[in-house]
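Have it open while you read, and we can go through the points in order.

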Number of protein chains: 8
Amino acid sequence: MSKPYSRLDIANAAVLLVDHQAGLLSLVRDFNPDQFKNNVLALADLAAYFKLPTILTTSFENGPNGPLMPELKEMFPNAPFIPRPGQINAWDNEDFVKAVKATGRKQLIIAGIVTEVCVAFLALSALAEGFEVFVVTDASGTFNEITRDSSWNRMSEAGAQLVTWFAVACELHRDWRRDIEGLGALFAKHIPDYRNLMTSYSALKAANPLPKSVP
Amino acid sequence: MSKPYSRLDIANAAVLLVDHQAGLLSLVRDFNPDQFKNNVLALADLAAYFKLPTILTTSFENGPNGPLMPELKEMFPNAPFIPRPGQINAWDNEDFVKAVKATGRKQLIIAGIVTEVCVAFLALSALAEGFEVFVVTDASGTFNEITRDSSWNRMSEAGAQLVTWFAVACELHRDWRRDIEGLGALFAKHIPDYRNLMTSYSALKAANPLPKSVP
Amino acid sequence: MSKPYSRLDIANAAVLLVDHQAGLLSLVRDFNPDQFKNNVLALADLAAYFKLPTILTTSFENGPNGPLMPELKEMFPNAPFIPRPGQINAWDNEDFVKAVKATGRKQLIIAGIVTEVCVAFLALSALAEGFEVFVVTDASGTFNEITRDSSWNRMSEAGAQLVTWFAVACELHRDWRRDIEGLGALFAKHIPDYRNLMTSYSALKAANPLPKSVP
Amino acid sequence: MSKPYSRLDIANAAVLLVDHQAGLLSLVRDFNPDQFKNNVLALADLAAYFKLPTILTTSFENGPNGPLMPELKEMFPNAPFIPRPGQINAWDNEDFVKAVKATGRKQLIIAGIVTEVCVAFLALSALAEGFEVFVVTDASGTFNEITRDSSWNRMSEAGAQLVTWFAVACELHRDWRRDIEGLGALFAKHIPDYRNLMTSYSALKAANPLPKSVP
Amino acid sequence: MSKPYSRLDIANAAVLLVDHQAGLLSLVRDFNPDQFKNNVLALADLAAYFKLPTILTTSFENGPNGPLMPELKEMFPNAPFIPRPGQINAWDNEDFVKAVKATGRKQLIIAGIVTEVCVAFLALSALAEGFEVFVVTDASGTFNEITRDSSWNRMSEAGAQLVTWFAVACELHRDWRRDIEGLGALFAKHIPDYRNLMTSYSALKAANPLPKSVP
Amino acid sequence: MSKPYSRLDIANAAVLLVDHQAGLLSLVRDFNPDQFKNNVLALADLAAYFKLPTILTTSFENGPNGPLMPELKEMFPNAPFIPRPGQINAWDNEDFVKAVKATGRKQLIIAGIVTEVCVAFLALSALAEGFEVFVVTDASGTFNEITRDSSWNRMSEAGAQLVTWFAVACELHRDWRRDIEGLGALFAKHIPDYRNLMTSYSALKAANPLPKSVP
Amino acid sequence: MSKPYSRLDIANAAVLLVDHQAGLLSLVRDFNPDQFKNNVLALADLAAYFKLPTILTTSFENGPNGPLMPELKEMFPNAPFIPRPGQINAWDNEDFVKAVKATGRKQLIIAGIVTEVCVAFLALSALAEGFEVFVVTDASGTFNEITRDSSWNRMSEAGAQLVTWFAVACELHRDWRRDIEGLGALFAKHIPDYRNLMTSYSALKAANPLPKSVP
Amino acid sequence: MSKPYSRLDIANAAVLLVDHQAGLLSLVRDFNPDQFKNNVLALADLAAYFKLPTILTTSFENGPNGPLMPELKEMFPNAPFIPRPGQINAWDNEDFVKAVKATGRKQLIIAGIVTEVCVAFLALSALAEGFEVFVVTDASGTFNEITRDSSWNRMSEAGAQLVTWFAVACELHRDWRRDIEGLGALFAKHIPDYRNLMTSYSALKAANPLPKSVP
């Protein structure tokens, strides 16, 4: 327990988004759809906000699995995009591994559909090659809770750390003095309760302006 | 059972949005926040889409209850807006009742926070005055499921019809030939599963254009 | 309470299957998919078993809603099939109403997707015209439990009877002496627990044949 | 539906608290204990706040059922207190009925343990004698959800209205201009989320005093 | 609401136990098995305790449905026992109806497996013939909650009253002065929480005997 | 992973039952009471069946915690019984530790109330002294699921094995040829589904006796 | 974490199906029956599809436990089938161990009834002898969630990997280019959501044939 | 497993309360609000009762996050209070770390909002510096169960022990002979079920005074 806590680091982290495709989304039943869509977009937003290298991959976009969520394509127009010709585990695809290694990052933030396959296989392979793996549990979906629990167990036992998009954002940001407005806006967009706090606060501030002499 | 089914009618319906305020939203715990926010905005969107007369009311916006959800104010800049000076039941506020009656509509589509108070009291009063009342259950929130179930029972027993925003939209629209694109876009915006179907469909259509000779 | 109980009657009942389409099935989240698929097919099987007039209808099969479940088409090749050109409520479609009335039946057994729209609107319209309506709750699906509960309430208050496919089968059959094997096979196919009972029973009977002299 | 909505009225309502005894509380498993205790005390607090005639009754306090919750005895030292010598339905106890009738009130607000017995029997008897009955669902507890749902159904079908303590308070209060501080304090005491809103609001007001010229 | 509340009456009630058979019990999944077994036996025990006429019926005991729960046969050795040769609705069996009518009772307390068939059909038929019907919800089991909720709704809408075994016992008993020990023992046997109260109470009484002079 | 699996062994296991007292049972809310009582008695029955050394301990039986469940006292009249004068962790009580060590057993099967205190502290202390610890999760109860999950995690991380009473019985028994009737009866008594299987089987066997020539 | 990820390998894996018997299936209550049956058959189908050595074993088929699910017997007519004469842990049966070792495989994919006994004991024994163990969590069933969670913990702590049938299939297949149709058909048969995607896709392709010149 | 169990020790433990602020409390949705408020105050009460060094910290009290729960400020007027100017992980704040180290304690009892950020980051950092970390799971709240489960896993895998406020109190107290009344009162205040036991017990003792001659 005395080894230093290896935190997520903006300079050392990359984001891997695996198979968030329109058809596959209909398989995700361990989240309510509003919530899952919000979580995936929040993860994408934070990847963009922190300018993390981000890699997209899909499986058979032209078949029943359907195309990648359009928002993801729009948000990362220049990101490496690897449509896999058949490999289920993205780590079996040389181009994907090359793209990961090209980032020079050792901390991999992974999310995808479905958790126990496209996420877990990739996580296990990356761990085996010495990467630190952070699985974004709330941006990874699957058939049901039993499947989710099994796959969390398997990944955790292999050394992956289970995190959520909000934990990732906070661990990367570290200090609000870095920037309040940008991240605050991102949180307000994706956390309704947080937005409500800000709405009430702003309204009250507007109604009750600080006297000039107060700092 | 032989009396005709009195359907929601674009020409006869009005929407009453009661106390969807930033502070009060933190009391709503019978929905996950992503889902509830989506439902309220979907109801507002359909009110605008069908150009239904819409009335907004709040309770003490300058106090802890906080301001109305900003989106609602933006969407209905010209709607009657009645900040109640103290009446808990909006029907006790003369201006509110006047605004309702001024619409000339007899079908009232009601949603608000919290279900068993601001929604239920208004629903019961309007029923007592001969209006048809449609409670939008999924855009009305409260403390917990027990409270929700009690208040649904009370309103239903008094003659209110329990509906959801999607049922309201479909009952008003009646026939897709009236318009496909507009309502389709509204559904795609608020129902992720529906959007996924459309995304897959469009991609496939684009990839596989109909031969010219096919009808 | 003293009026006779109007039971489902093989000679007076018809089955209406509304919009069980491949795309729309992805919207159904108040059932686990294995269970829902099983329930719909069980209802279809019993309609065929009891030779009830059955009517199929769909909404935009060529669009994102997708085609009817293939099994339904195969099971009822000669049933009236009404693809609605736009009407959300099937009762607004003249051909559909004609097909219903052509059956001469007054008891309508209705199931579909989604419960609060395609099922509820049709149920309410049919009730208003004097039909008896039996909503098959477990072969009708929708977005979530809140929506389901709202729509059950609305239909029940309007006079619909809430039933399940198994209740429908038993109420139609009335007496096992009518036929044991056929209905038993249908139950074994769709109720795993029932099948297990039969498997154990048959194995034991085979191993322990009744002595000849026993009646 | 056109008869006026008969609202809870401070001048016409009485509160009946039935068997909230220390031993019987261990039978209540349809609420978490923190929540149930809070609900019962909130109902008692509002009865005191609105100065409603309140009647206490118990069943065998000296036996395993245990004594009344001490807070209730302390809050209503002068209320009629009827320890029933054996009657399960309090309405079978003449002293209890006399006490109820002595209040001159026709609206009975009832809560107790357990819901399907001490609450339901009393509710059904009072309804049968022409009283209006309001069952406080969240201050009435029982063994499990199945029991609760059954008993709610039975009482509702007999004409009882299902309400919660918060709905009762709001329906009695009607207009915040009657008094803000007292009821606000009661709500803050019993609704943590509400208290949080007030805490944040007050802190911000204190930090940002209104300029003098603002009303 | 002003008609007298028709209570369960020892002199006017009979108990009908329908198809609590060993095989069919494996279909019951809306209760945990410990709880369901306990509820059925509690209902049987109270029927015996109050000496209510009790009628047993089964469906194909020699087939996969299996024999009646042995306890029921033992407890009611002289009760009318009607093995139905095929009728699903027990009311369709002349012997059963004769047995019911022979009791001279008008209040029928019904429980069985499965709720939406053997219980509901019987309840609906008996209601139609003018009996009062009390469905014991927690001694009636079925496949899942959706089925249960549907069938409760159907029976309730037709006029059945939903009760639990404990409510039945209390409503029949009315006054503890009738007998404390017998019913107390029955409750202690079937309600562990109640038994715990009694155990603690008795131990304490034993340790702290009342001084002689106290009444 | 290559070390042999250290199984529960009749010759090496002892059972420690901690604070299953009538008052404390009312704190247990992570089980339904029927189920929990059944599990505790099943564990006691198996301890007796396998003749495992069994040790009972309580905390302040004469105070609010109440006496030990009477069945436990009756089943183990000669077992060491250590009423602790104050120690919360039974391992802090010398007499208890002596009794444990006197058994000569190294596998401790522990259950009690509440899980995170009386069970967990004892488990952690025993592990620290080199015992193998098997926590019977379904005969140990506590306030709620969150508490249970926390304490399971803590004990598991410290090396305790999580088992249930049924797993304990089967792991000790190893081979049904040791005895079928005794253990079968124990299972039938505590597992209603198992009993149903046996009831059906026996009835069928009785009705269909094996021809003599069959082995 | 730097050791290579030891994946499931078609050439090194075997499937052990333990006690999926008709009677024992009635004990499984941590899955809905439709879902569990589907999962077991899906696992069997994939074992056949990948031609994995498969071993069947049962416990007392002629007694109350009942015969093996008939589908399993039909699918693996030539598989080693070991009816255990009494051993609860299949690893205690020499024939079973011999059959396992005869496969020459080191990766054991295990599923059965009930999870904490027949699956867990076998898994722990096999781990102790140096096999890699993959427990198929969704094809293994037991009494309730508490039991399941306990046993997952025990097996995972001992080194077993928790997987689901779908993860097993994908990990074995590795690359869709190996075969699309066969595995696609298997998935469509056992995952209704997947089948729906394929139905919609195929219909659309049929309606919109690719122009000839497109690759 | 043979190393001694390092227990919580009054002389070696400190309590860190992180960001229990009025605004942030509205984000906590993995507890019902009554329960969570009770848990936080119970933890504070026990910190005071055992006179543990306690450190308070907040994040932007003047902004939307709102002020610390007023009770906490009142209970610990002299505790180190570190409003962090921006650091999300309190361990990044030098003053906070200094305050922790100034206590000289090595066992840190941590609770806060939200679990996966303010609690987890601090826990991971403190573990890395060699402290023993006890996370009070029921006084730490966050958005939902998925987030909670992920963060528990991450902290547990890093060596944190998961405890609840009640376990902390009992582990610190060790022996009731240290003091019964004080801790008993604390438990009665925060555990309604416990209070009920004490109420019944006291009433019975008062009614049945011990004869003088009894010890």
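1. Chains that stay apart. Chain B and chain F do not touch, and their nearest C-alpha atoms are 18 Å apart. Chain C and chain H do not touch either, with nearest C-alpha atoms 18 Å apart. Contact here is judged by C-beta atoms, placed from the backbone, that lie within 7 Å.

2. Ground rules. This is a predicted model, in which local features need pLDDT of at least 70 and side-chain atom pairs count only at pLDDT 80 or more, while totals for chains, interfaces and linings use all residues. Residues are numbered from 1 along each chain as its sequence is written, and chains are lettered from A and ligands numbered from 1 in the order in which they are written.

3. Chain A, the fold. Chain A has eight helices and six strands (DSSP runs numbered from the N terminus: H or I of at least four residues for helices, E of at least two for strands). Along the sequence they come in the order β-α-β-α-β-α-β-α-β-α-β-α-α-α. The radius of gyration of chain A, taken over C-alpha atoms, is 19 Å, close to the 17 Å from the globule rule (2.2 Å times the number of residues to the power 0.38) for 215 residues, so chain A is as compact as a globular protein of that length.

4. The C-alpha trace of chain A spans about 65 × 45 × 35 Å along its principal axes. Of its 215 residues, 60% count as buried, that is, with 20 or more other C-beta atoms, placed from the backbone, within 10 Å of their own. Take the contacts in chain A between residues at least 6 apart in sequence: 80% of them join residues at least 24 apart.

5. Two helices in chain C. The axes of α1 (residues 33–49) and α6 (residues 165–173) of chain C come within 9 Å and cross at roughly 15°; axes are lines fitted to C-alpha atoms over the stretch in contact, with angles from 0 to 180 degrees between N-to-C directions. α1(C) and α6(C) are therefore roughly parallel to each other (angles under 35 degrees).

6. Who meets whom there? From α1(C), C:N39, C:A42, C:L43 and C:L46 meet C:W165, C:V168 and C:A169 of α6(C). By class, this contact of α1(C) with α6(C) has six nonpolar, one polar and no charged residues (nonpolar: Ala, Val, Leu, Ile, Met, Phe, Trp, Tyr, Cys and Pro; charged: Asp, Glu, Lys and Arg; polar: the others, Gly among them).

Definitions and conventions
Angles under 35 degrees count as roughly parallel, over 145 as roughly antiparallel, 65 to 115 as roughly perpendicular and the rest as oblique. Two residues are in contact if their C-beta atoms, placed from the backbone, lie within 7 Å. A residue is buried if 20 or more other C-beta atoms lie within 10 Å of its own, exposed if 12 or fewer, and partly exposed in between; C-beta atoms are placed from the backbone.
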